[in-house]
Amino acid sequence: MQTISLNTHAHEELVDLTAEVQRIVADGHVTEGICHLWCHHTTAGLTINENADPDVKRDILMALRHIVDTSWPYQHAEGNSPAHIKSSLLGCQLAIPIQQGRLKLGTWQGVLFAEFDGPRPGRKVTVTVIPAGG
Amino acid sequence: MQTISLNTHAHEELVDLTAEVQRIVADGHVTEGICHLWCHHTTAGLTINENADPDVKRDILMALRHIVDTSWPYQHAEGNSPAHIKSSLLGCQLAIPIQQGRLKLGTWQGVLFAEFDGPRPGRKVTVTVIPAGG
Amino acid sequence: MQTISLNTHAHEELVDLTAEVQRIVADGHVTEGICHLWCHHTTAGLTINENADPDVKRDILMALRHIVDTSWPYQHAEGNSPAHIKSSLLGCQLAIPIQQGRLKLGTWQGVLFAEFDGPRPGRKVTVTVIPAGG
């Protein structure tokens, strides 16, 4: 079990964690299994999506701003309820298959940390590697 | 593997399961790994979000009512399609890291059962504890 | 670890994978644990929902078309940003509990591959079976 710490630099941002997760998996001793990721925050999340064209990341954040309207009658006094809702829509956890000691990702897939209430220092993701059955 | 049974008391409700899941993990023999949760229903789900201010839970349910409009041309005869869609948006499963025999949650994170078609007796969540690799 | 390959036949489609996943689990040697599924694409996803009435699947796809509006100012040149966003909303991975060597699904639950940018040949889902702790 290892922890990735990151600082975010915008109010909303998708940060690519693929290389860092890949390195943690490569350093471990599990050749086949799953790599579980956990985001420790309720105004951020984790998602898998295209890493190649940065417009995809911009479009995801833009669409989520349309889906979760800031004008609805929110009651939470901190004023960041849209970030909480985006966190639940994307989820704060996921697991990725490991084969031959590496993440088995699709061609275009990257591991993205989704910041919805930044910028913030010290965002944390816990990485746990789990072996498969025989 | 254990099962949590719960009764829901409103049409829509976020029920805090954190203490019950924590107890199941503490009773087990896995000190490091993941705790997997599965909701057995297609009109309910599971999510992680803030447990401290109850307004966050109210805001999540309110926002989901805006996101999934009841006026769209649904065809499913039971009339509960919005609940099915909310279940798929939040998801019916998640896994949480275990460290030193306890759930490793962020400061504000709670484990929430999301009822979207209640009130209902006998909602079920299966809890499976999985050990990490060496 | 095994791979399911499938061809999709419509632009948007929910394809039932339950029987195929069930067979992979039954062929394995894990009697208690979780079965992890991974979709290798960023314009498709995986979800659990009702398999009985096909109207539920139609309603899910219809609602997602309302939730993710095609008229928003997308920048991604391929023109399939709504499919990328639906992939992140539903997620591309999930894990299902295994008990007595079989998927432990709720009465109405089916495992659905969600195509959002089809029709496409050779869509892939990796299945990894993970044993539970003692």
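## Chain contacts in a predicted model

Between chain B and chain C there are 15 residue pairs in polar contact, both residues at pLDDT 80 or more, a polar contact being a pair of N or O atoms within 3.5 Å, where within protein one must be able to donate a hydrogen and the other to accept it, and residues adjacent in sequence count only if both atoms are side-chain atoms. This is a predicted model, in which local features need pLDDT of at least 70 and side-chain atom pairs count only at pLDDT 80 or more, while totals for chains, interfaces and linings use all residues. Residues are numbered from 1 along each chain as its sequence is written, chains are lettered from A in the order in which they are written, and side-chain values use heavy atoms, with hydrogens and water left out.

| Item, chain B with chain C | Value |
|---|---|
| Residues from chain B | 31 residues |
| Residues from chain C | 36 residues |
| Area buried | about 2,700 Å² |

Carbon and sulfur atoms give 63% of the area buried between chain B and chain C, and B:M1, B:W38 and B:S88 supply 23% of the area that chain B buries against chain C, more than any other three residues.

Conventions
Contact = heavy atoms within 4.5 Å. Buried area = accessible area lost by both parts, 1.4 Å probe.
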